[in-house]
Amino acid sequence: MWTKQTTTETPNARCAHSSDSIGDNLYIFGGWSETGVLLNDLHVLNTTNMTWKQEQGDKVPMIGRFGHSTVSVDGKLLLFGGGSMNDEGGIFLNDVLFFQPGASNYLASSEGKWTVAVTKGQIPTGRAKHTSSLIDGRHMIVFGGGDGTRLWDDVYTLDIEKMTWKKEECKGTRPSPRWGHSTVLNGKELIVFGGHEGTRRLNDVHILDTDTMTWRKPEVKARSSTADFPSPRAGHTSSLIGPHMLVWGGGDGRIQADMYGLDTRTWEWWWGGSAPARCAQTTTRIGDVLYAFGGGDGVACFNDVLVLDVRDKLDSIYLAKSQNTKPNSPNTSLSSSPTNRTTAATSRSTNSLRNSPRSAHVSALSHAAISSSPPSSSFTPYNTTTTT
């Protein structure tokens, strides 16, 4: 189902980066490199000719980071938070930055520009492996994440016009604190799936009504007797295609090579078939196509672009796959052009984040997805102050 694309000027392999789109362009920022270096570079893929370009911006001193989030709003990228490193160890960020792409036409082009936003109100603590979504075109909603010593179950909204944060007082039964989960926005409802709560991985589903800020937990079931629920996992991706939420990959002690669909009309899971084994990758929908970039399989980090064309196909996949029995050993092959693959070490140390950035590449495969231990207590919470 996934096909590997041939691209030019391809970025370095990475995991735990972020991605979003502006028009037909796919942007990726930061993450861990295959050698454990925290990245602060921004690349854009022209999906028409499959050519990458590194955006130089205006040289704002951006700190490298992982587990941050990016949303697209009014032709700009909005970046929030993430984890990073300094000479004393791990730090967690709560800064907000905008990237405005440069103008481009047949006569000339200009570089884009980074802007550090000044925010006010009830500012969230620094965090990584949270999720962010754009609601009503003018608010960003943030759920969960962690700071190395604590995991969060809180909800914040940022009024993008006023640059004002608000901690929402939600009603209903909220999800447990977690990081490495996924969220998709289905109309006014924010759907949360999975993640890691410190001692175990999760495969639960929760829904937040963003109008009333009320949580509820739907009763989910398998569509057929031969179907199965996705295993507990973190570091996966979720994408909403029509009424279906597609969950791909992640880790539950091993890197998963599967895809599941959740029909949000009936809250029935269906097995979507084998998929490349990936964790800490990103998926972004542009039109009728899902674009995936990077991530790792426990042995290597990647810098390939995988594409899933969902146009007129999802319902047929749904009908076919939901009736099939899930195999014990899924075939992870995919149609491909030449692979962009860089081998990385396979350390599974739960203390890896206490080491230097170069030796901390296990984070690239998502500490929350691989480790069964609580987050490392050696991290020092760090709350940045946003200044111009």
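Is Asn-94 buried or exposed, and at what relative accessibility? The views below start there.

**View 1. Asn-94 and its contact with Pro-124.** This is a predicted model, in which local features need pLDDT of at least 70 and side-chain atom pairs count only at pLDDT 80 or more, while totals for chains, interfaces and linings use all residues. Residues are numbered from 1 along each chain as its sequence is written, and side-chain values use heavy atoms, without hydrogens and water. Asn-94 sits in strand S9 (residues 89–100); strands are DSSP runs of E, at least two residues, numbered from the N terminus. With 3% relative accessibility, Asn-94 is buried (under 20% relative accessible area, 1.4 Å probe, protein chains only). A polar atom of the Asn-94 side chain lies 2.8 Å from the backbone oxygen of Pro-124.

**View 2. An open sheet of five strands.** The order is S16-S20-S19-S18-S17, with mixed pairing (two strands pair if DSSP finds at least two bridges between them). Strand S16 (171–172) and strand S17 (182–186) are at the edges with a single partner strand each, so one side of each has no neighbour in the sheet.

**View 3. The pairing of S18 with S19.** Seven bridges join S18 (residues 189–196) and S19 (residues 201–209) in the antiparallel sense. Here His-196 stands opposite Arg-201 in S19.

Terms used:
Helix = DSSP H or I, 4+ residues; strand = E, 2+ residues; numbered from the N terminus. Buried < 20%, exposed > 50% of the residue type's maximum accessible area, 1.4 Å probe, protein only. Polar contact = N/O pair within 3.5 Å; in protein donor to acceptor, adjacent residues only side chain to side chain.
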